Amino acid sequence: MTAANAVTLPVHGGLDQPVDRIDPSAAAAAEGLAAVEVNEVDRTTLYRIADGTLSPIEGPMARADYDSVLGEGAIERGGRKWAWTIPIILPVTDAEAAACTDGARIALTSGGAAFGVLEVDGGAFDWDKAAFIKAVYRTDRTDHPGARLWTGDERTKLVGGTITLAPETDSRPFAKRVMGPAQTRKLIEESGWEQSIAFQTRNPLHRAHEYALVYGAEVILRENGKKTGVVLNPLVGQLKGDDVPAATRMDTYEALVENRLLGEGDMDVELWSSKGQDLNDNLELVGLDMRMYYGGPSEAVMHAIYRQNLGFTHFIIGRKHADAPFDDKTAIWGDFDAQEVFENLGGGLEIATVNVGFAAYFEELGRVGLMEANKDKTSVFISGTKVREQLVGGEFPDPRIMRETTAKILVDFYKTKEA
């Protein structure tokens, strides 16, 4: 049942509905066509185009959109500029590029099996990786995880156009939690959320991470008292090798949700009660099957676009959002660059961002709070490196840092890696 007061944001780019490029006949339509073989990351991205997460684009970017994103931080649709900060690309080999002429229909294959068709717009074009990295990562240096995504790719051409893909089957154990715009917009409407706030993560949650979602939800709840959806919205697509795999991370999130632990001890219970709501009643875990770019401020904008297309009204931007430093551990961006980038976008974006600063457990408060509001108090701090060492060694970190349910799953995970 749809609630009358439920609010979903408009689709990015001025569309009435999210893009839908799924067609059961797409694989059969690819028969006999010249083929482009895609890797696992390409395939994931193409399906996020097809399900509307990357609306308004209908395929990998052709030259005009690609240049507009790198040069202006925007794409143009309907005579307006819309914020867009990382080109959505499909790299191809030189041999594949030869068949990708303007207007050509190309089979998209994965492991040799066709799963869709690309209608080429403008033909293949050269991929200037140095210019791409400079514009997206704001540095010429390539000694960081984001740049290596591209410098490690031997393909040197790009091709864009409009795609049509066959339906996808997700057999991962957490597949029921993975949703695209059609499912999340239905969730909002059926839940009757008058506003909703999403939190992006690619890591198991420390209590300080968890608090970013709690704090963000309480900011907007305090402002207007509207029924507030609280969405833990981790990326479950491709990550770099030392990140915790999605299946393990999802287990940690499920434990928080099932045991109603998110915000326990840290939330403003009086606030939620005064508005007649319960944080954990309003909490949903929704996986977003998208890869990471490790792109800092540029990726923060893309993360916001994804969430607008999912229909959420607010998105949390934390310190060092989507951050990954240089190999010498120096920072590429400032701690709050990913928040400040929204003050000067290249085009329109309707989702509202909620900035959240550093958080920690404070002895005097007996709970987690923001550093900026508790400068005179005693914080309990353990570095991320130390927490990881403890988990790898089979030791549970201080529960003021990480909840025991999360720690147990991670300790068990690292034991399996040693076996």
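Two strands are said to pair if DSSP finds at least two bridges between them, and this meaning of pairing is used in the legends below. The model shown in every view is a predicted one.

**View A. Strand 15 and strand 16 form a hairpin with four residues between the strands.**
Strand 15 covers residues 359-362, and four bridges join it to strand 16, made of residues 367-370, with the two strands running antiparallel.

**View B. Four strands make an open sheet in the order 1-5-6-9, with mixed pairing.**
The edges of this sheet are strand 1 (35-37) and strand 9 (161-165), each of which pairs on one side only. Averaged over the sheet and with direction ignored, neighbouring strands are turned by 30° against each other. Strand 1 and strand 5 (residues 105-110) run parallel and are joined by three bridges, and within strand 5 the bridge partner of Val 36 is Leu 108. Helix 2, residues 40-50, packs on this sheet and touches strand 5, strand 6 (113-120) and strand 9, and the direction of the helix makes about 90° with that of strand 9.

**View C. Helix 2 is largely enclosed by the rest of the structure, because eight of its eleven residues are buried.**
The buried residues of helix 2 are Asp 42, Thr 44, Thr 45, Leu 46, Tyr 47, Arg 48, Ile 49 and Ala 50. What covers these residues includes strand 4 (91-92), together with strand 5, strand 6 and strand 9. In the loop that runs between helix 2 and helix 3 (63-72) lies Pro 56, and the peptide bond leading from Ser 55 to Pro 56 is cis, with omega near 15°. Most residues other than glycine have a negative phi, and most peptide bonds are trans.

**View D. One cavity of 30 Å³ or more is found in a search of the whole structure.**
Rolling a probe the size of a water molecule over the atoms shows where empty space is left. The largest cavity has a volume of about 30 Å³, and its lining consists of Asp 42, Thr 45, Leu 46, Ile 49, Pro 60, Ile 88, Ile 89 and Leu 90. Sorted by class, this lining holds six nonpolar residues, one polar residue and one charged residue.

**View E. The second largest pocket has a volume of about 440 Å³.**
Its lining is made by 21 residues, of which Arg 48, Asp 51, Glu 168, Gly 180 and Gln 183 lie nearest the centre of the pocket. Helix 2 and helix 7 (181-191) each supply at least two residues of this lining. By class, the lining of the second largest pocket has eleven nonpolar, three polar and seven charged residues.

**View F. Five strands make an open sheet in the order 12-11-10-13-14, with parallel pairing.**
Strand 12 (283-285) and strand 14 (352-355) stand at the edges, and each has a single partner strand, so one side of each is left without a neighbour in the sheet. Neighbouring strands of this sheet are turned against each other by 25° on average, direction ignored. Two bridges pair strand 10 (residues 195-199) with strand 13 in the parallel sense, and Ala 198 stands opposite Phe 315 in strand 13. Helix 9 packs on the sheet, where it touches strand 11 (228-232) and strand 12, and its direction makes about 160° with that of strand 12.

**View G. Arg 260 has a positive phi, near 50°, and Ala 322 has a positive phi, near 55°.**
Neither value belongs to a glycine. Arg 260 sits in the loop between helix 9 (246-258) and helix 10 (269-274), and this residue is partly exposed, with a relative accessible area of 39%. Ala 322 belongs to the loop between strand 13 (314-317) and helix 12 (337-340). Ala 322 counts as buried because its relative accessible area is 9%, and buried means under 20%.

Technical notes: Residues are numbered from 1 along each chain as its sequence is written. This is a predicted model: local features need pLDDT of at least 70, side-chain atom pairs count only at pLDDT 80 or more; totals for chains, interfaces and linings use all residues. Side-chain values use heavy atoms; hydrogens and water are left out. Axes are lines fitted to C-alpha atoms, for helices over the stretch in contact, and angles run from 0 to 180 degrees between N-to-C directions. Contact means heavy atoms within 4.5 Å. On a 1 Å grid over the protein atoms alone, a cavity is a set of points where a 1.4 Å probe fits but cannot get out, and a pocket is an open set with protein on both sides within 12 Å along at least five of seven lines; lining residues have an atom within 4 Å of a point. Grid points are joined across faces, edges and corners, and a volume is the space filled by probe spheres set on the points. Ala, Val, Leu, Ile, Met, Phe, Trp, Tyr, Cys and Pro count as nonpolar, Asp, Glu, Lys and Arg as charged, and the others, Gly among them, as polar. Buried means under 20% relative accessible area, exposed over 50%, partly exposed in between (1.4 Å probe, protein chains only).
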